[in-house]
Amino acid sequence: MKLRSGSLSIMALLLLMLVVLALIDIRLGSITITYKEMINHLAGSSLLSDHQLIILNKFRLPRLVTALMVGAALPVCGLQMQTLFRNPLAGPYVLGISSGASFGAALVVLGVGATGIVATWSLAIAAWIGAGSVMLLLLLVSFRIKDVMTILILGIMFSSGLGAIISIMQYFSQAAALKSFVIWSMGSLGNVTGNQMQIMVWAIVPLLILTFAYSKILNGLMLGEEYAFTLGIRIRRTRIIIFAVTSILAGTVTAFCGPIGFIGIAVPHMARYLFNRSDHRILLPATMLTGMVVMVFSDIVSQLPGTERILPINAVTSLIGIPVVIWLVIINRKAHSL
Amino acid sequence: MFGKAGDHIIELKNLAIGHQKEQTLLKDINLSVRPGEMVALIGRNGTGKSTLLKSMIGLIPLIDGACYLEGALFDSYDLRNRARKVSFVSSHFSQLPSISVRELVSLGRMPFTGFMGRLSAEDQKFIGRALKELRLGSFAERKLEHLSDGERQRTMIARALAQDTPLMVLDEPTAFLDIPNKNELIQLLGGFRDSGKSVVYSTHDLDTAMHYADKIWVIHQGRILEGAPEDLGITGLFDILFENSGIRYDLASKRFKYSTVSKGSVRLQGAEGVQYWWTRNALERLGYEVDISGTMEIKLDSCEGVNRWTLYQSNQSREFSNLYNLARFLNNDE
C-alpha cells in the first residue's frame, strides 16, 4: 500500500490547481488586487494601499481560508461516514448534524429575531450548540445500540424530525426573519470574520490531523464491523471517535457558513475516481485536496466574475458537483460500486 | 493418552449461546479443536451454526460458560492478540469501494503493523504467500468488483491466511460457489493443516465434509455431536439427521442419495464403464434397482459413440437412443 508515483503526480497537479484558483479567488471583487501586487506582498515588499490591505486581510483571505476549511472538512466527514456505514450515499449530514445546526440557527433568527452584526456570532454559537446537542444525543445512542445501521436510521429520523420543527417555526415567523433564515440556510463563505476564521482553523485542522492518524482503522472498517473486530479494532470506541470528530468538523463548518450541501458526499467519490485507491492513508489527503479545489472553484463561480452579484454557495456546490457525480455513476462504471 | 489437555487450540466449556439471554439457542456445549485439525460444522438452517462460530471468537457475547484459546481464557487476550490467534471469514459478502485484491489481502496484516499500518518486509512475505496459496497471484492488482464469486471468496480467505493465525474460522465459505469451486476451496482449506493451522468451518455440504474434515460437529435437536465423520456414520446419525427429508447416506457410493420407492429391478446387460454408471444412475433415480435377477432387462449397445438401449419386458422389446427417452417410457409405463 505504498504511495505510487501516480498518486503523487495527481496530488501535485491538484495542489497546483489549488494555488492558481486561490490566486484567482483573491483577485476577484470590486477592488482589484493584481497578481503582481499579490506576489510582491507575499515576497515581503508590499505595494498594497491601506485600503487594499484591509480588503485583503478582512475579507478576501478569511473567505479563502474558510473555503479551504470547508473544502477539507466536509468531504473528510463524508468519506468517514461512507466507510463506517459502508454506504455510498452517506455524507457529513446523515446523522442530523446540519439539522441540529439549522435548529439552533432557527431558534436565534426565527425565535429571537436577531439580525445584523450581533447575529453573526449568536447565530454561529446557536448553530454550534444545536449541532453539538445532536452529537451528544448520537453518542448516547451509540453507547447503547450495537448495530451501526440502526444508528444510521435513527440519525435520519432525528434529522427529519428537526426539519419538521424548523418548518413549523418558519411557518409562524415574520417575513424579514424568514428571509434571513432562508439566506443562512443557503450557505455563505463571506460572513466569516477574522476571529471566527481563527476559531474555525483551530477546530478543524487538529481534527483533520487526528483523522489521518486513524486512517489504518478506517481501512479495517471497510470490511465491515465484524471483520474489523476480528482484526483487532475496538468497534464502539472507534465509532464514537468517528462520530465525535465528524460532528465537530461538520458542526463547526455549518455554524459559520450554514449548511453546505453536496460536496461532503460527492468529493470522496471524485477522489476515489481520480486516485483509484481505497486505502484511506491516500484517500484522506486526496479527499481533502480535491475538496479544497472544488470549494475554491465554487467560490469563484459564486462570485459571478464580472458582476456585482454573489450566488448562494450551497446552490453553486450542487450545480457543479451533480454533473460530476452523474458522469461518474453513469458514464464511468468504475465508481458504481461505491 | 492423546496429549495434554493444553494442546487444544480452542476449547469450549459448558457454553450457552444465543443472541439474547432469554433465547438460548444452544447450551452445554463442550467442544474442542486440536492444532492441525479441520472441523466441519453441520446443521440445518437456523440451528445456530453462525451463532456458534461467532460466539466462539467473541463476536457475540456468551450467555454462559467459557472459551479457552490455547489454554487461556479467551477474554484474557486483548483484541490485538486475539486477532493474532484467530482469523474469521464471514458468510456475508461485503461490497467494497474499488479495493484491489492485494490491498484487501494486506488488511490481514493489521494486527501486526504499527500505528500507520506500514507493511514490513515480513508482512509482504505473508501477503505474497497467501496470494500464491490461493492462486491469486495473477489477480493481485485486480479490483474486487471484477472478480467471480469463487475468486472473491478466495480473496477473503487469502486475507485470513495473511493474518497467519493458528485458528481460522469460516462461516459457510462455500455458500455461493459451484461444485468444482466448492471442492477446490475445501481442499485448499484442508491444505492449511500442513502448516499446523486449525480450520473450523460451517457448511451444508456433507459430501465434502465427509471427505476432507478430521472431525464433524453436528447440531441436531439443540445438541451438538462431535466425532470423526465415520463415528457419526456408525451411530446412524446421518439417517436421523435427514429423517423425513428423502435423503439417505449410501455406504457403497459414499454419497448422499435421494431415496425413492422401489418400482422393481432391472438386469443391466452389455454395458460397462461410463455408460454403465450413468444408466445405473438413471435407473436408480427412477426407483429401479440394478440386479442380476431383475424382472426387466436392459441391453446397452455402444458403437462408434452411438448408444442404444434396448428394453426387454414381458416378451416385448423397445429401443431408445438416449436415457431421457428411456426414462420417459419407464415413468409412463408404471
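How many residues of chain A are in contact with chain B, and how many of chain B with chain A? The count is 30 residues of chain A against 38 residues of chain B, where contact means heavy atoms within 4.5 Å. This is a predicted model, in which local features need pLDDT of at least 70 and side-chain atom pairs count only at pLDDT 80 or more, while totals for chains, interfaces and linings use all residues. Residues are numbered from 1 along each chain as its sequence is written, chains are lettered from A and ligands numbered from 1 in the order in which they are written, and side-chain values use heavy atoms, with hydrogens and water left out.

**View 1. The interface of chain A and chain B.** About 3000 Å² is buried between the two chains, and carbon and sulfur atoms give 61% of that area; buried area is the accessible area (1.4 Å probe) that two parts lose on being put together, summed over both. Look for A:Lys216, A:Tyr227 and A:Leu231, which supply 24% of what chain A buries against chain B, more than any other three residues.

View 2. The rule finds two salt bridges across the interface, each a side-chain nitrogen of Lys or Arg within 4 Å of a carboxyl oxygen of Asp or Glu. A salt bridge joins the side chains of A:Arg277 and B:Glu103 at 3.0 Å, N to O. On the side of chain A that touches chain B, α8 (194-213), α9 (215-221) and α10 (225-230) of chain A are the elements giving two or more residues, and α9(A) gives the most, with five. Helices (H or I, at least four residues) and strands (E, at least two) are DSSP runs, numbered from the N terminus.

**View 3. The six-stranded sheet of chain B.** This open sheet has mixed pairing and the order β6-β7-β8-β3-β9-β10; two strands pair if DSSP finds at least two bridges between them. Its edge strands are β6 (86-89) and β10 (223-227) of chain B. Strands β3 (residues 38-43) and β9 (residues 215-220) of chain B run parallel, joined by five bridges, and B:Leu41 has B:Trp217 as its bridge partner in β9(B). Helix α5 (residues 149-162) of chain B lies across β6 and β7 (167-170), at about 170 degrees to β6(B). Axes are lines fitted to C-alpha atoms, for helices over the stretch in contact, and angles run from 0 to 180 degrees between N-to-C directions.

**View 4. The four-stranded sheet of chain B.** Here the order is β2-β1-β4-β5 in an open sheet, with antiparallel pairing. Because β2 (26-33) and β5 (72-73) of chain B each have a single partner strand, one side of each is left without a neighbour in the sheet. Five bridges link β1 (residues 10-17) and β4 (residues 64-69) of chain B, and B:Ala16 stands opposite B:Asp64 in β4(B).

**View 5. Two hairpins in chain B.** Seven bridges pair β15 (residues 296-303) with β16 (residues 306-313) of chain B in the antiparallel sense. Two residues separate these strands in a hairpin, and B:Glu304 in the turn has a positive phi of about 50 degrees. β16(B) also forms a hairpin with β17(B), again with two residues between them; here B:Ser314 in the turn has a positive phi of about 35 degrees.
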